[in-house]
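Here is a short tour for anyone meeting this protein for the first time. Take a moment to look it over, then read on.

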Amino acid sequence: MPEEVEQQQEQPKKKGNLMDLIKMLVIPLVISLVVSLVVFFMLGSNKQPSQPKEEEATAAAPVQIKAVVIAQGKYQTFMLKGGRDVAVVDSLTLLVGSEPCRAAVAEKNDEIMDALATIFLSKERFDLVTPAGLDLLKKQIREAVNEITGFTGEKEKLGVLNVYIYIKAISTVQ
């Protein structure tokens, strides 16, 4: 008889042990699933917000418009570093990426001419007769005009895209 009591007591313990084991596995699994879903929805996804189609088209292929700062044939002289040499610029045209930039270039022509004078004052004769020197000059002009017109940062691709400058001569003045 005592053996039967022991067997009956063991059977409920086996069921209890099995239930305890299931509880120990299922409850943490459910809790971790809930926490994972909450974290996922709280943090969101790693995707960038989509832009309207109009902005994508503008970003993909910006409009290219010419903005004339110094018209061809209207010779403009700029003093170079040291004050003994001047650069005679025959024409200066900017290729801009938007109509608002072209309008800003026309509106702020005086500020742009002042920036050009400052840039040329930092140059010497030999800076303007080498391809590397001309590329640096164009880059400095592009950056200065973009800063003046406000097309910096993400808007830079709608600002000045390229600079076309024709220096007619570099002369010594006395």
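Among contacts in the protein between residues at least 6 apart in sequence, what share joins residues at least 24 apart? That share is 72%, where contact means heavy atoms within 4.5 Å.

This is a predicted model, in which local features need pLDDT of at least 70 and side-chain atom pairs count only at pLDDT 80 or more, while totals for chains, interfaces and linings use all residues. Residues are numbered from 1 along each chain as its sequence is written, and side-chain values use heavy atoms, with hydrogens and water left out.

**Overall layout**

The protein has five helices and four strands, arranged along the sequence as α-α-β-β-β-α-α-α-β. Helices (H or I, at least four residues) and strands (E, at least two) are DSSP runs, numbered from the N terminus. Of the 174 residues, 26% are buried; buried means under 20% relative accessible area, exposed over 50%, and partly exposed in between (1.4 Å probe, protein chains only).

In soluble globular proteins, nonpolar side chains tend to be buried together. A nonpolar core here is a set of buried Ala, Val, Leu, Ile, Met, Phe, Trp, Tyr and Cys residues joined through side-chain atoms within 4.5 Å. The largest one holds 31 residues, and V69, L94, F120 and I141 touch the most other members. At least two residues come from each of β1 (65-70), β3, α3, α4, α5 and β4, with α4 giving the largest share, six residues. Contacts of L94 include I65, V69, I141 and V163, leaving aside residues up to four places away in sequence.

I141 is also one of the buried residues of α5, along with L137, A144 and V145. Their cover includes β3 (85-96), α3 (99-107), α4 (109-121) and β4 (160-172). Just past the end of α5, G150 has a positive phi of about 90 degrees.

**Two salt bridges**

A salt bridge is a side-chain nitrogen of Lys or Arg within 4 Å of a carboxyl oxygen of Asp or Glu. The whole structure contains two:

| Pair | Closest N and O atoms |
|---|---|
| R125 and D85 | 3.3 Å |
| E99 and R102 | 2.6 Å |

R125 sits in the loop between α4 and α5 and D85 in strand β3, so this pair ties together parts that are 40 residues apart in sequence. D85 counts as buried at 15% relative accessibility, whereas R125 is partly exposed at 34%. E99 and R102 are three residues apart in helix α3, about one helical turn.
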